[in-house]
Amino acid sequence: MNARAALAVTFFPFHGGVHPQEHKTESSGTPIAAGPIPAKLVVPLHQSIGNMAKALVNVGDHVLKGQMIAAADGTVSAAVHAPTSGRVLSISPQRVPHPSGLLEHCITIESDGEDRWIDRNRFDWRTAESRAIRDYLRDMGVVGLGGAVFPSHLKIGGASDGLDTLVINAAECEPFITCDDLLMRERAVQIVEGIKILQALLQAREVLIGVEDNKPQAVDAMRAAIAGCEFKIDVVVVPTLYPSGGAKQLIKLLTNKEVPSGVRSTDLGVQCFNVATVYTIYRAIEHGEPVISRVVTLTGNVERPGNVDALIGTPIADLLAFAGNKPDSDSYIYGGPMMGFEIPGTDVGLSKAGNCIIAKSSGLFPPKPAEMPCIRCGKCADACPAELQPMDLYWFGKSKNFGKAQERNLFDCIECGACAYVCPSNIQLVDYFRFSKSEIWAAEKSKKAADQARERHEFRQFREEREKREKAERLAAKAAQKHDAAASSADPADAERAAKIKAAMERAAAKKVEAAAAQVAADPLTPLDPDANAVPVAEAVAAPAPEPVAPVSQLDPEKAERIREAMEKRAAEKAALEAMSPEEKAAREAEKKAKIEAAMAAAAAKKAAKAAEAAKAQGDQADGA
Amino acid sequence: MNTSPFFIKPTPLQVVMFKVALALVPAIAVYTYSFGIGVLVQITLATVAALATEAVCLKLRGYPIKPFVTDGSAIVTAWLMALSFPPLAPWWMIVVAAVISIALAKHMYGGLGQNTFNPAMVGFAIMIVSFPAQMSRWAAPFGVLPQSLDWSAQLSWIFTGNLPAGLAFDAVASATPLDTVKTQLMQHASMSHIFQSPLFGTIGGVGTEWITAAYLLGGLYLLWQKLIPWQIPVTFLAVLGGVAGVFHLVDPTHYTSPLFHWFSGAAMLGAFFIVTDPVTGPTTPLGRVIFAALIGLLTYLIRVFGGYPDGIAFAVLIMNLAAPFIDQYTQPAVFGRKGKQKKAGVQS
Amino acid sequence: MLTFTLALAIMAILAILLGAVLGWAAIKYKVDEDPLVDKIDAILPQTQCGQCGFPGCKPYATAIANEEADINRCPPGGEDGIRKLADLLGKDFKALNAENGEEKPKAVAVIDEDTCIGCTLCIQACPVDAIVGAAKHLHTIVSSECTGCELCIAPCPVDCISMQTVGETVTTWKWRYPVIPLTVKAAA
């Protein structure tokens, strides 16, 4: 059909792969259009792998285009920004582009139509430390735009001795999708600027850009753009074979290195970035623009298929209207036809992962024929790029024999769908793999929870034991003291022992006070005793500090934080109480007492009612019998 | 909800089965030309019986009948069995065999894709064990003996057991080439003497050598269509020929040549159509090599040293049992796990 | 006679040889197994709720190992847990003993902060120390540590603790078992 970019460049084929109908020409004919500014944007907060970003704005706030509205939470997370200027309508759970159709936190912004930017500044990355660059990219919300949305900052500054190969993934192997193709055709120079930044940051000795041979124009544009580069860089044209755009497959294609299972490619001296991600890195660093838009392919059953530079958060309905959705579209695929999923509704907002939206109609995607039994023909194994035996994994998944599936490397499956594509029995193999994987994950999670509960329970038992022993020791010591006083050194040895015990106890008490003081000093809000910061040290000596109710030092920082918050709240309440006049205090006390009494009465009444009910139920049962 | 991948390659099971049947057509044509209409009758009887049994079994098991009857698997089973049968066997034998193969060897194990043993070979083996006399009564190909049965006489013989007046079956019967070699050698006849019989052609039996050549042709078509893995026919024929070659070189007076073994009996049919049955064989590339090699070896041993003239059916059935075991120990290395793998299957 | 002796000798040598191989394999491939109690305890959900009638999961595991208790007394483990126990112990599956309670979806306890009087009774009841607070101070439940045992509910004098079912979220969502469109008409 089109002139394939035919240039002899060495590449190293991976096993398997399929070649479905490409369907690329529908959307690749027109230039990238500027997307609409919708009246309302629904920006999901969870737009990267890892933790959900934490909202920074409140309902009613006015935000500017590019303003950070949610900050990264922890290392594996990325910030989220306002795609246009406007007012925050709500911060609430809404439907998101996810196959589950469940709700997740989103910030809804009503655009004011002005599309007013924040101040944008170039980031001087040449003089910045690598940590500062990482933080900057995280705060700019840069994530992998190929679909995995892995935070890009985590890929930078790993190996100190530089990288052998920086792989730029421009294969775009899934049918229908052309957003990277168009991006390369139109913005090749900016992409190469981004590559230069990455090459310098990663000290890559070689850069290889992998493009499938069905994108000759993109190849030409990229070849022209890399002309002036001062490092080793090449555009490698690989044959069109799905899934050559899988990171591991592309790395194998370009470098002949097989990334071992469970190992990061960095350890092999290879790092892979999607071409669109490189573009956003360039925009973020040189123009101070966070990731608030992306090129998305609108195709399938629409009047004007093409690519748009759409704002993140744009409801899919607005994008479809932009492309002229046809009335007989019955559902919409988010992503490509091989690995994408149907969105739960067109009200969901575009996320950074959304590279393509395909309107489905029964003409374009005929309903899949009924599944027939597996005849073990092995076509799936021939097609599997991970070199698995899908028919066996299917068998294990179907019979819920998850252990065996894991043993046969289920987790090396990249869910590319090549097996299901070739299956003559029309078996939806990937569904069984996804099912098995989520069952295994869930089982592992609950096992972890059970282990934690067991550990905590055992620690509690140990603590109770210890408290009991200490109490007994205290009592014994007291008794010994009494005895000591009464029998006033009848036995010198006894007296000596008593003195020793006393000294030891004093030492222990002193130590405890010291520890308490130290802790109070270090962290006044994490007291051993809620009143410890108010109790003078002398008193503390007199009364041995009680044991912590919960083993505070055992808690992780997050929990400690939560506890501290609760304590703070209490402290504030207490302060308020102290600020009150005695009359007020008394009134409050009385009020509280009344409340408690009322609550207790209510509880008692409830209990009584319950008991009566139970009795009645029993009676009824007896009657029935 | 629909899930990805949203489109699939349109190669339904029916097409696969149809192509397999198509690949058999040249051989059936040659067969009919050299031996008469008997083989067509056997194929028809087997097909009807197999489809009927399939439908009844599906009905009894509560499965939808249409998709499974039309998937073509029963037809392929029936054809393969009919082609292994003596073309002039009485009609009830092929019917019984078809019922056994579909009901017993296929549906009792759970239907399509679940059977441990090759259904066609189960039907054939049960019949040859139960009715050895009838199953070894083959008519000579046309032109070998002075007398032969024309098509109407063949029909009459198959369905009623009656022959035209004054003709005994023995006058038209002859053992198969493999059988002839075996029995004659036991009677201490010399190899050259055996091969002087008008039964033998250039490399195999008259007629049968052309049928096997047609199987080879059909097999090459299947290979070209990528419907069967190349490892199986190549290994099977290589091992069968290799072992035969060794014996032949050591003692040509007692052991026939590899060519004879390739172009006699069910060697070609087995290599491309029977050993390649995916359901009952291993799925790993190395496993397929081992599987086919051992079938080749067993076939030779049964042919030369065993009690039956041909050994494909028993060799296949024995190796069917070993297929899961072979799979277990020949798991190929997964992407990113090369080198340290190999042992994945061991910790069961 | 010679054949007989020879056969006997061959068999004897074979027996000794194979015996040696087996013995060597038994030593070489010896599997250090967990004691049974730990294996059972690993299957139990560690809710520590005591619905089985034992003070915690470990005591129940010990009782099962000693054949003093049945395997169907753990409601939080549910049917799945009983199946696993049956598998491990080579016993038949039994339905959950209704006397011990019923299987419920996973829930965590939540304290109504307006009603809590700070009595510490729930803290003392919590088997996994998931409740934080002190006398006359508001208590709160660390929901990530809560096993949903409900042991804190009964002691509360003001009934301020309620159980809240943990719903499915995007991160905990699971792919369902694929629906096979092949309709089985009659019960096979």
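The following paragraphs go through a predicted model from whole chains down to single residues. Local features are given only where pLDDT is at least 70, side-chain atom pairs count only at pLDDT 80 or more, and totals for chains, interfaces and linings use all residues. Residues are numbered from 1 along each chain as its sequence is written, while chains are lettered from A and ligands numbered from 1 in the order in which they are written.

Chain A has 16 helices and 17 strands. Helices (H or I, at least four residues) and strands (E, at least two) are DSSP runs, numbered from the N terminus. Of the 625 residues in chain A, 43% are buried. A residue counts as buried if 20 or more other C-beta atoms lie within 10 Å of its own, as exposed if 12 or fewer do, and as partly exposed in between, with C-beta atoms placed from the backbone. Two residues are in contact if their C-beta atoms, placed from the backbone, lie within 7 Å. Among the contacts in chain A with a separation of 6 or more, 72% are between residues 24 or more positions apart.

Chain C has 5 helices and 4 strands, in the order α-α-α-α-β-α-β-β-β from the N terminus on. Its radius of gyration is 27 Å, well over the 16 Å that the globule rule gives for 188 residues, so chain C is more spread out than a compact globule. The radius is taken over C-alpha atoms, and the globule rule is 2.2 Å times the number of residues to the power 0.38. Along the principal axes, the C-alpha atoms of chain C fill a box of roughly 100 × 50 × 35 Å. Buried residues make up 28% of the 188 residues in chain C. Of the contacts in chain C between residues at least 6 apart in sequence, 57% join residues at least 24 apart.

The contact between chains A and B takes 46 residues from chain A and 34 residues from chain B. On the chain A side, the elements that give two or more residues are strand S16 (341-342), helix H11 (418-422) and helix H12 (429-486). H11(A) gives the largest share, 3 residues. The chain A side divides into 26 nonpolar, 10 polar and 10 charged residues. Here Ala, Val, Leu, Ile, Met, Phe, Trp, Tyr, Cys and Pro count as nonpolar, Asp, Glu, Lys and Arg as charged, and the others, Gly among them, as polar.

In soluble globular proteins, nonpolar side chains tend to be buried together. A nonpolar core is a set of buried Ala, Val, Leu, Ile, Met, Phe, Trp, Tyr and Cys residues joined through C-beta atoms within 7 Å. The largest core in this model has 253 residues, and those with the most contacts inside it are A:Met222 and B:Ala46. Helix H3 (residues 179-202) of chain A gives the largest share of this core, 12 residues. Leaving out residues up to four places away in sequence, A:Met222 touches A:Met184, A:Ala188, A:Ile209, A:Val211 and A:Val235. Another core, of 20 residues, lies apart from it and includes A:Ala450, C:Ala109, C:Cys126 and C:Cys146.

Helix H2 of chain A has A:Ile133, A:Arg134, A:Leu137 and A:Arg138 buried. They cover an arc of only 135° around the axis, which puts them on the same side of H2(A); the arc is that of the directions from the helix axis to the C-beta atoms. The buried residues of H2(A) pack against H3 and helix H6 (275-287) of chain A. After H2(A) comes A:Gly141, with a positive phi near 70°. A:His153 lies in the loop between helix H2 (130-139) and strand S9 (163-170) of chain A. With 25 other C-beta atoms within 10 Å, A:His153 is buried. Beyond four places in sequence, A:His153 touches A:Arg134, A:Leu137, A:Arg138 and A:Val142.

In chain C, the buried residues of helix H3 (residues 57-65) are C:Cys57, C:Lys58, C:Tyr60, C:Ala61 and C:Ile64. Seen down the axis, they fall within an arc of 160°, so they line one face of H3(C). They pack against helix H2 (36-43) of chain C. H3(C) is followed by C:Glu67, whose phi is positive, near 60°.
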